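Good morning, everyone, and thank you for making time for this. I would like to walk through one structure with you, going slowly from one chain to the next.

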Amino acid sequence: MGIDQKDPIIRIKNLVFRRGNRTILDKVNMDIPRGGIIAIMGPSGVGKTTILRLISGQLRPDSGSVEVNGQMVSGMSSRQLHNFRKDVGVLLQNGALFTDLTVFENVATPVREHARLPESLVRRLVMTKLHAVGLGGTEELMPHELSGGMARRVALARAVVMDPKIVLFDEPMTGLDPIAISTVSRLMRETNDALGLTSIVVTHNVVQMARLVDYCYIIAAGKIAGEGTPDELCASPNPAVDQFMNGKIEGPIPFHYDTGSESWNLLQ
Amino acid sequence: MTESINNSGVLAPLAQAGRLLVFLVRMLAGIRLSFSLLMSTLQQIYLVGARSLVIIMICGFFVGMVLALQAINALEQFGASDQVSLLVGKSLFRELGPVLTALLFAGRAGTAIAAEIGLMKATSQIDAMELMAIDPIQRIALPRFLAGVLSVPLLTAMFNALAILGAVVFSIGVMGLDAGIFWSKLQSGIYFDKDYLGGIYKSLVFGGLVSLIAVYFGYSAKPTGAGVGTATTNTVVLSSVLILVFDFIITSFLS
Amino acid sequence: MRPNYKVELASGVFLMLGIAALIWLATKATNYGQDIGDEAYFVTARFTNVAELKRRAPVKIGGVTVGLVESIKLDPVTFDAVVLLRIDQRFDEIPLDTSAAILTSGVLGDRYVGLEPGGDLDVLQDGDELFITQSAVVLEQLVSKFLFNTQGDSGKGEN
């Protein structure tokens with residue numbers, strides 16, 4: 001269950017990403033350790049999802065590099081990305097199950113896409129993962145017939161069905177009730193350890209993060225405000241980290257929208 | 001990024017046309033004939049074609065009746081009521097059949113396609129597909145496009161058939177015109193190549209146009225509720241305009 | 001995708017209906033099949049005036065269509081209209097001395113070429129010419145001829 005700090009699975013060097021004339025990520029450096037559950041946290045809109053997309057290759061950095069498991073993602077062609085994504089599982093916000101497919105077909109989609117297996121093997125693969133998340137009998141149901149928590153678990157099964165090396169979670173707990181949150185958290189931990197994955201979770205739920213993850217990065221204003229284990233962060237003297245972890249309104253992370261206008265800034 | 005088609009500037013329509021063309025190329029360039037493509041297209045033919053059938057047939061029948069009505073009104077003055085079937089047939093096969101069917105299709109099926117794809121975008125399903133290394137354009141957009149191109153000519157044929165039926169019911173049943181004259185004028189006056197085939201070419205072009213516009217706007221919709229609404233509105237507006245523009249272009253080539 | 005039986009059936013029915021409609025329209029509502037066959041031969045005829053005769057106008061004998069007008073050209077020397085007629089190969093026993101006239105279909109109808117068979121034992125071959133022709137009757141010319149004649153008569157009568 002330990003994370004391996006010496007062998008980072010993802011190396012992000014001097015990453016710069018701009019949208020329009022806003023710099024979202026400003027020379028960010030991250031060495032994401034292998035083997036555990038890593039959280040990327042920060043205020044809304046700061047660029048957490050952007051980092052996930054840069055890791056998966058959906059976005060290209062303006063400068064800097066993203067290296068995943070020894071492969072340079074930032075410069076890959078479409079075909080290379082296609083192959084690369086076979087080893088990356090994703091669980092997007094709200095699950096993103098395909099609404100026109102059954103639960104079974106949803107979980108089977110990555111299998112059918114990346115491997116030519118006989119139907120019985122596909123069935124075995126899918127049912128194993130469904131059982132692992134506790135949804136053994138649901139394979140013929142449609143996504144709209146599932147509760148939020150169940151849908152999220154199906155999405156988790158789909159994310160890990162190909163036994164990837166990395167799983168990316170984009171705000172996996174949004175909209176779930178407390179029981180579902182605990183269930184999904186526990187499943188994330190179990191699958192992570194059982195399959196030897198590295199899970200990267202984008203979230204801003206500090207409470208649930210503290211219980212679940214091994215290591216955490218806090219992003220604010222385009223840079224890494226702090227990183228460390230949950231305990232280290234709670235005790236951190238860094239004002240931005242402190243403001244975020246304790247949910248304070250006052251602090252370096254601004255309340256007012258920065259319009260750049262002089263007169264309004266006087267109020268701060 | 002969605003660009004509203006109400007952009008100002010003369011270059012905006014050109015840019016829009018360019019984007020549509022690029023999308024078409026992306027769809028067609030990656031075609032891999034497979035069983036799953038066939039099945040998806042077939043399913044879309046049902047959702048897009050078969051479900052439009054009722055509205056097409058009803059409208060076709062009434063258009064046929066009103067055409068016959070107007071034609072008889074006009075021709076009676078010259079004592080030429082016998083030419084009803086010819087007038088109805090010519091205007092139907094060449095213009096009204098393809099154009100009206102395409103417009104109805106844009107409203108019923110085009111909006112459905114745009115809304116469905118837009119919704120998939122808004123619920124991150126398209127994103128999820130990309131991240132699973134599945135090409136959403138091949139999996140989602142292409143089957144719907146092909147289904148539209150196939151369905152519209154067939155729907156046009158059924159529109160025409162029902163319209164002729166409507167004309168028959170009105171001119172023979174209601175106005176008492178001679179059935180033999182009706183059919184013989186129709187059969188001798190409607191040219192297979194200029195009228196019938198010309199109409200089919202038009203319906204193929206219109207089908208491709210509406211389907212392309214629908215999948216494009218759905219795919220590039222902003223992932224919000226309002227974005228989906230904009231996508232469906234844009235689909236109907238642009239489809240209608242382009243149908244009529246291309247109608248003129250094709251008609252001038254055929255004549 | 002789910003290969004749903006109901007969906008497959010419905011789209012199959014739709015396709016069948018569509019194709020049936022296409023075929024029905026083609027056969028019942030157009031002149032398909034009434035077109036002149038591929039096997040045909042060509043004869044020419046010269047007229048001083050063809051009026052509104054068009055390409056693809058029918059060529060009829062006794063009211064039955066035997067061919068189409070293939071082309072209409074102007075002879076630059078004699079200023080005659082040279083009309084090329086395409087006759088279906090099935091009608092290969094048309095006498096050499098057949099005459100051609102440009103007639104009107106009904107009162108308001110289109111112009112067509114009507115052939116009046118002669119009595120010659122020799123028949124038309126590909127490339128032959130019909131020498132006996134009658135040009136189109138143009139309404140204005142008819143009226144002015146009538147007026148001119150009546151003027152002339154009344155003028156003579158007064159003398």
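Of the 159 residues in chain C, 21% count as buried, and please keep in mind throughout that this is a predicted model. Chain C holds two helices and eight strands, and if you follow the chain from its N terminus, the order of elements is α-β-β-β-β-β-β-β-β-α. Among the contacts in chain C with a separation of 6 or more, 64% are between residues 24 or more positions apart.

Let us turn to where chain C meets chain B, a contact that takes 22 residues from chain C and 27 residues from chain B. On the side of chain B that touches chain C, helix 2 gives the most, with eight residues, and by class that side has 18 nonpolar, eight polar and one charged residues.

Finally, consider helix 6 of chain A, which covers residues 178-195; at 1.5 Å a residue its 18 residues should span 26 Å, and this agrees with its end C-alpha atoms, which are 26 Å apart. Which residues of this helix 6 of chain A are buried? They are A:Ile181, A:Val184, A:Ser185, A:Met188, A:Thr191 and A:Asn192, and, seen down the helix axis, they fall within an arc of 135°, so they line one face of the helix.

Conventions:
Residues numbered from 1 in each chain as written. Chains lettered and ligands numbered in written order. Predicted model: local features only at pLDDT ≥ 70, side-chain atom pairs only at ≥ 80, totals over all residues. Helix = DSSP H or I, 4+ residues; strand = E, 2+ residues; numbered from the N terminus. Buried ≥ 20, exposed ≤ 12 C-beta atoms within 10 Å, placed from the backbone. Contact = placed C-beta atoms within 7 Å. Nonpolar A, V, L, I, M, F, W, Y, C, P; charged D, E, K, R; others polar. Expected span 1.5 Å × (residues − 1). Arc of directions from axis to C-beta.
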